[in-house]
Every structure is written in structure tokens, then in C-alpha cells.
Amino acid sequence: MSDVAVDRHGNEVTIMAVLQMDAVPELWCAGKTPAGSPCRAKLGVKALHSEFMSPHFHGRHRDGCDHGSERSEDQPGDRGRTVRQGPRSVVWRLQLGSDAPSTGPDGRHRPDDTVPGRSTRRGSVDGGLPSTRGIDPHALSVFLDAAIAGMLPDEVELPPAPPAPVAEVVVPARAARSRHYAGRTAMFWGRIDAARPTRHNGMMLRLENAADGVAVLLTDWQLAQLHIEPSKLVGRHVIAYGTYIQPEGLPYVKTGSLKHLAFAPAVRLRRTPAA
């Protein structure tokens, strides 16, 4: 969120000024909508006494407000206080669907990710302190890119299950043997070497050097959402978060949603018609 608000007289009030006050006055958003109208959402102050987050204004902004919270990445040049911490072992957590609004490393919301923050929190590793266990959420596409590059972490978490060794959770097609994975849910990935239609108007994506010939199933509905011809998927990598199905024929991975699939290079999805 923004570090600037306005009071009842229309005067700008910064978050730093609020920190010097005995009580927080009534404040409103100083931003504007794309049409130029004032937002004037009622604001509160978040993390006023926190040691881990920078104080900031927050509230329910009007759609498109330039002081509202949008997805924002930490920018080069952001600066702030340094916090000493022990060595950190990182576990990757699978995050499906849209990311929640976020910002830099302290979770502080910024309205414009092109503007460097002034008070983001930085960690400084101190080998003399106890090690800490960290959880980092990542999209499915990040898991695929890391798998292709051979840069996955040691442990991965698929909520609600606890962290597990990466070999049990992110499975390359060449290792996806039915005797070990049948009926299990995990992330299965590989390079697509063929796309074969199913009798139910879906598509089986055959994977290169796949153990037991395991494939990834695209249902007819999932195919309709893809903004690409199935033949153009051949040669791409795919990762599917789903259940390993072992029918009488060749095994396949079935996913519950197209959000449980990712491709590299990425593909676009068709817009879902409004009801």
C-alpha cells in the first residue's frame, strides 16, 4: 500500500509522520482511479508496532486506484534495515492459481513496482545463529523451470502434506514407474514427444523416455482452454500436478484443472466466457 494518505482537510500525511503521533487520526487514500476520480478509501495503519514488517496504510481501494495493492516484486535498489538471521534451509511450497497481492521480502504492499521501496527488510546471514527453516511459495511453472535446469531444492511441500524429499514429489517421466506411483498425487514432468487424441475428445501427451509409457491427460475442457493447437505442444516440456492413474492400458497423470499444468515454453489460456 501507499506510504501517503490524506487527512480530513485534504492534507497529505506520511506514514513516518503517523509514527510520531500519539494517536492515528482518520485518514483516507490519496490515490486516483484510471478515470481520474479520487479514491478516498478509508485507511488504517498496518504493522505499526511490528519488528518484522514496515508500517504502511491499508484499506479497500476503488478498482484501479494507483495507490491500491497490486502484485509487486522487490526492485533492485530497494533498501531498508538489515536483520541478522541464522543460515536458512528453504523448502519450496507449491502455490496453485493466482498469487496473492505481494511485494518485497517483508510483505509490505507497494502500489507501483517501478518505484524502489524505502523500508523493506533485509536478511543478513550470521553463521553464529541457529539455522532456521524457511518456506517459499512458488508457481508450478517455477518448479518446471527448476526441474529442467536441475536446480530444485532438497525438499518440497504439497499442502496439506508436510515437506518431503524432492525425488518423491517432483518426478521426472523417466522415473515415474507405475509400481511406485500408481494412485499417488505428485508433480510429474517431462518433454512432450507426441500428442494423441483420446476417444473422449481429449489428448494424451506422450513423454520422452517415460517409464511404463506414462502420459499426461488433457481433457476436452482443458483442450478448449488452451490457446494453442495440440500439435504445437510437441517439443515443449510439461509438468502436471495430479494423480497417477493405472488403467488396463498405459498409465497417465490426471489433473483437476488446467491450473495444475504448466508448459515451457509457456502457452496462453483462452478467456473463459462470462456466465
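Predicted model: local features only at pLDDT ≥ 70, side-chain atom pairs only at ≥ 80, totals over all residues.

Student: What rules out a bond for the sulfur of Cys39?

Tutor: For Cys39 the closest cysteine sulfur is also in Cys65. The distance is 3.8 Å, too far for a bond when the limit is 2.5 Å. By this rule the count of disulfides is zero.

Student: Why does Cys29 count as buried?

Tutor: Buried means under 20% relative accessible area. Cys29 has 1% relative accessibility, so Cys29 counts as buried. Cys39, at 7%, counts as buried too.

Student: How many aromatic pairs does a search of the whole structure find?

Tutor: The search finds three aromatic pairs. One of them joins Trp92 and Phe143, with 5.4 Å centre to centre and 85 degrees between the planes. Ring centres must lie within 6.5 Å to pair, and planes over 60 degrees apart count as edge-to-face, so Trp92 and Phe143 form an edge-to-face pair.

Student: What makes this pair a link between distant parts of the chain?

Tutor: Trp92 lies in strand β7 (residues 88-94) and Phe143 in helix α2 (residues 140-149), 51 residues apart. Both Trp92 and Phe143 are buried.

Student: Which residues do ring pairs link into a cluster?

Tutor: Tyr181, Phe188 and Tyr244 are linked in this way.

Conventions: Residues numbered from 1 in each chain as written. Heavy atoms only, no water. Buried < 20%, exposed > 50% of the residue type's maximum accessible area, 1.4 Å probe, protein only. Phe/Tyr/Trp six-rings, centres within 6.5 Å; stacked < 30°, edge-to-face > 60°. Helix = DSSP H or I, 4+ residues; strand = E, 2+ residues; numbered from the N terminus.
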